[in-house]
Amino acid sequence: MTLEPYGGSKKITAQDIDRVFKLYDTDNNGSIENEELNGFLKDLMELVQQDYDSEDISMMKQTILDQWDFNNDGKINRDELTMLLLQQSHDDEDDV
Ligand SMILES: [Ca+2]
Ligand SMILES: [Ca+2]
């Protein structure tokens with residue numbers, strides 16, 4: 001697993017990731033899970049589409065966990081979030 005540096009206008013820094021992680025990990029246990037994960041998924045969902053329902057959220061959850069939950073514990077830890085955010089910022093070159 002390598003963290004490729006993306007050459008783009010918007011680069012996500014460790015501080016950004018820290019900020020995002022702390023924002024969602026409200027109980028500070030080092031991973032985003034359950035309600036925290038739902039909040040995170042909702043915000044992600046809003047980035048990609050305006051109109052979504054609970055089905056979209058659970059699909060999103062499936063996708064995120066399939067793709068990014070490397071240690072398969074059903075939670076997103078900081079490393080996993082880092083990878084996810086780097087990927088997102090890469091996909092999203094245009095301003096949101
Ligand atoms: Ca947590
Ligand atoms: Ca995990």
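## Elements and model confidence

Helices (H or I, at least four residues) and strands (E, at least two) are DSSP runs, numbered from the N terminus. By this definition Leu 37 lies in helix α2, residues 34-48. The protein chain has four helices and two strands, and from the N terminus on their order is α-β-α-α-β-α.

The model is predicted: local features need pLDDT of at least 70, side-chain atom pairs count only at pLDDT 80 or more, and totals for chains, interfaces and linings use all residues. Residues are numbered from 1 along each chain as its sequence is written, while chains are lettered from A and ligands numbered from 1 in the order in which they are written. The pLDDT is the predictor's confidence in each residue, from 0 to 100. The protein chain averages a pLDDT of 86, and 83% of the residues score at least 70. Over residues 1-7 the pLDDT is below 50, and beyond near neighbours in sequence this stretch has five contacts in the model (two residues are in contact if their C-beta atoms, placed from the backbone, lie within 7 Å).

## Annotated regions

The UniProt record, an unreviewed entry, places the feature "domain: EF-hand" at residues 12-47 and 56-91. UniProt positions are given in the numbering used here, feature names are shortened, and annotations may be inferred rather than shown by experiment. Over residues 12-47 the chain is 69% helix and 6% strand, with the end C-alpha atoms 16 Å apart.

## Burial and the nonpolar core

A residue is buried if 20 or more other C-beta atoms lie within 10 Å of its own, exposed if 12 or fewer, and partly exposed in between, with C-beta atoms placed from the backbone. Of the 96 residues of the protein chain, 11% count as buried.

A nonpolar core is a set of buried Ala, Val, Leu, Ile, Met, Phe, Trp, Tyr and Cys residues joined through C-beta atoms within 7 Å. The largest one has seven residues: Phe 21, Ile 32, Leu 37, Phe 40, Leu 41, Ile 76 and Leu 81. The most is given to this core by α2, with three residues.

Leu 37 counts as buried because 20 other C-beta atoms lie within 10 Å. Not counting residues up to four places away in sequence, Leu 37 touches Ile 32, Lys 61 and Ile 76. Leu 37 and Gly 74 are 37 residues apart in sequence, and their C-alpha atoms are 9.5 Å apart in space. Ile 76, leaving aside neighbours within four places in sequence, is in contact with Ser 31, Ile 32, Leu 37, Trp 68, Asp 69 and Leu 81.

## Packing of α2 and α3

Helix α3 covers residues 54-68, and α2 packs with it at an angle of about 105 degrees, the axes being 10 Å apart. Axes are lines fitted to C-alpha atoms, for helices over the stretch in contact, and angles run from 0 to 180 degrees between N-to-C directions. The two helices, α2 and α3, are therefore roughly perpendicular to each other; angles under 35 degrees count as roughly parallel, over 145 as roughly antiparallel, 65 to 115 as roughly perpendicular and the rest as oblique.

On the α2 side, Leu 37, Leu 41, Lys 42, Leu 44 and Met 45 meet Asp 56, Ile 57, Met 60, Lys 61 and Ile 64 of α3.

## Positive phi values

Asn 28 is in the loop between α1 (14-24) and β1 (31-32). Its phi is near 60 degrees, a positive value in a residue other than glycine. Asn 28 counts as exposed because it has 8 C-beta neighbours inside 10 Å.

Asn 34, in helix α2, is not a glycine either, yet has a positive phi of about 45 degrees. With 11 C-beta neighbours inside 10 Å, Asn 34 counts as exposed.
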